Amino acid sequence: MDIQISQLGRRFGRVTALHSVDLTIPGGMYGLLGANGAGKTTLMRILAGVLPPGSGQVRVGGHDLSTGAGRLAVQRRLGYLPQDLGLYPDLTPREFLDYVGLLKGLDDTRARRSQVDELLELVALGDVAGRRMKGFSGGMRRRVGIAQALLGDPALIVVDEPTAGLDPEERVRFRTLLAGLGGHRTVLLSTHIVEDVAQTCQHAAVMAAGRVVYTGTVADLVRVGEGATWEVVTGVGAPPPAGVVVSAVSRTDGTHYRVVSPTRPGADAQPTAPSLEDGYVALMQRGVAAPSADTPAR
Ligand SMILES: Nc1ncnc2c1ncn2[C@@H]1O[C@H](COP(=O)(O)OP(=O)(O)OP(=O)(O)O)[C@@H](O)[C@H]1O
């Protein structure tokens, strides 16, 4: 189910959360990256039909989301995992999913129950299907969340910050699960964790301050960091190099920095191949560094 967004704007009182966003999202796994407050959740909520667009046009699978009928049509074919999905702690995952299935209009009891059991196996919660969710870990709760999004086999899945707060093992597990969902579906993954997109998506967009500042392949976003990613070793106690320090590791011979900088951050700096994080940082740095017309010359 392809998504076409043109000139989408959305304000909350005096705050402009989205400024004239243009974006075409093809099928498969698609990453939406951006810092906190960039406008990702607002965009996701509009796509999920929870929030009407302010201005501009959004079409999902041909349906116009500015109309109630369009939002309803999309909601029927959509699975949404919001940032703050509330679970019922006294229900078991099986009971919860059965309940959500009913709300989604899966009226055939036998078919619904068998779908619930299949999904519980898919998200590796089959063993605890009959246990109350009260004591579930963050990762288990997210997996219940993705299972409820998958009920009814939706063509579009919208997942907002699904790995925030998970431990590394749970994060990898959840990512692997998401990556397996692509295929015939469109899966839109919003996150500020660059590694999640690096590991699962072929295409991505980057948002900053309510605007889309990049769309394209993940490989091309990595390339934005080419010529701008450096390794620098400084002596113990020396100040850090200029540029954005992506990592710093103390070793016996000094501190090993990985730095993103458009210019060589010191005579001994060695250029190195960028990762997606370096490309993302270089993109942000360009945006911040770009002088605006009314910036006075120093
Ligand atoms: N219901 C609302 N009322 C007022 N302001 C809002 C509302 N929702 C979002 N905003 C504002 O719109 C801007 C974009 O927020 P949004 O939640 O879309 O960003 P985000 O990229 O998803 O960030 P986060 O990861 O922190 O959720 C922020 O300035 C936020 O404070």
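Trainee: Which elements each supply at least two residues of the shell around the ligand?

Mentor: Helices (H or I, at least four residues) and strands (E, at least two) are DSSP runs, numbered from the N terminus. In this predicted model, strand 2 (15–25) and helix 1 (40–47) each do so. Helix 1 gives the largest share, 3 residues. Residues are numbered from 1 along each chain as its sequence is written. Because the model is predicted, local features need pLDDT of at least 70 and side-chain atom pairs count only at pLDDT 80 or more, while totals for chains, interfaces and linings use all residues.

Trainee: Which residues come nearest to the ligand?

Mentor: A residue is near a molecule or strand if its C-beta atom, placed from the backbone, lies within 6 Å of it. Of the 13 residues around the ligand, the nearest are F12, A17, N36, T41 and T42.

Trainee: Is strand 3 mostly covered or open, and what does strand 3 pair with?

Mentor: A residue is buried if 20 or more other C-beta atoms, placed from the backbone, lie within 10 Å of its own. In strand 3 (residues 28–34), 6 of the 7 residues are buried. Two strands pair if DSSP finds at least two bridges between them. Strand 3 runs parallel to strand 8 (residues 186–191), with 6 bridges, and L32 has S190 as its bridge partner there. Strand 3 also pairs in the parallel sense with strand 9 (residues 203–208) over 5 bridges, where G34 stands opposite M207.

Note on methods
Buried ≥ 20, exposed ≤ 12 C-beta atoms within 10 Å, placed from the backbone.
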